[in-house]
Amino acid sequence: MSDTPQAILLMGPTASGKTGLALELARRFPVEIVSVDSALVYRGMDIGTAKPSAEEMAACPHHLIDIISPLQSYSAAQFHADANRLISEIQARGRLPLLVGGTMLYYKALLEGLSDLPQADAALRAELDADAALLGWPAMHARLAELDPATAARLNPNDSQRIHRALEVCLLSGRPMSELIAQGKEAAAGFRFLPLALVPRERGWLHARVAERFRIMLEQGFLDEVSRLRAQYPELTLNLPSMRCVGYRQAWEHQDGLYGLDEFVERGVAATRQLAKRQLTWTRSLDVIPVDAQRDGLAALLGDAVDDFLAGRPPAASLRYDGGF
């Protein structure tokens, strides 16, 4: 294996088959899997996140799963630091890092680096939270528009998390966040990646898989899982990042009586499909190799691409999916 840190990236929308393909690759190569999923970091959130089973995780080492409680948060900057460290450590063990998941912002951070933004400040965060409680997030969005019009223009007036962070950056640095981002990014220098992106040839195929997976999650006890989380963590609220994960907000609102079971399922499936759509949109913006997720013999083809990558050869041209997605 090369001395240069290198990794395989296997990304794609939810329910596109990433976990199964990753385990197939683990049978062929000495990989360690690094999760690239903003939901799998949470302990106790297993069913609704389609977390790999104990048996699947026993097949090869897994990282960045079950690392924080649902009361905590995990940022793209934290992922960037953890992933870079893990890639180097796995490489040093003579094994191959295989990064798998669907949080495209994390992939973007890994492939393109991060801007040098100030760290969070607890006192300022508390002050902004107090202002938001008094004035509301649309008013906070208007404040951001005065400090950083470019960032405010791309944010929904109720996007509390991103408005909060943008205001914090502006106030801590004295400069607009958009300006800091444009100034330049920390490159992922010295790393070699094989960035593979699963894309569906037919949207109907993916939609059917999303609906089926949601049905299985319900059979496995997803609603009971949400009830246990609410009982275990009395401080848990819908404003926390963990409960903004697809399916959890809908389950919470159903349990609070906002709508019945059938509507909950409809809303959960619709939200998951919207997530998949956003993931595919992100994919188009990244420099990746699109691969037909419905292609026969895909695991073997991906294995051959990994062989080529490790040997310093470009992947076969036939691997790239040229259809629309």
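Which residue just after H14 takes a positive phi? Gly312 does, at about 85 degrees. The model is predicted: local features need pLDDT of at least 70, side-chain atom pairs count only at pLDDT 80 or more, and totals for chains, interfaces and linings use all residues. Residues are numbered from 1 along each chain as its sequence is written, and side-chain values use heavy atoms, leaving out hydrogens and water.

**View 1. Strand S1, enclosed.** S1 spans residues 6-11. Helices (H or I, at least four residues) and strands (E, at least two) are DSSP runs, numbered from the N terminus. 6 of the 6 residues of S1 are buried, so the strand is largely enclosed by the rest of the structure. Buried means under 20% relative accessible area, exposed over 50%, partly exposed in between (1.4 Å probe, protein chains only). In a regular strand, side chains alternate between the two faces of the sheet. One side of S1 carries Gln6, Ile8 and Leu10; the other carries Ala7, Leu9 and Met11.

**View 2. Strand partners of S1.** Strands pair if DSSP finds at least two bridges between them. S1 runs parallel to S5 (residues 192-199), joined by 6 bridges. Ala7 has Phe193 as its bridge partner there. S4 (residues 96-101) also pairs with S1 in the parallel sense, over 4 bridges. Here Leu10 stands opposite Val100.

**View 3. Helix H14 and its cover.** H14 (residues 298-310) has 13 residues. Its buried residues include Leu302, Val306 and Phe309. Among the elements covering the buried residues are S1, helix H1 (18-28) and strand S6 (289-292), with contact meaning heavy atoms within 4.5 Å.

Conventions
Expected span 1.5 Å × (residues − 1).
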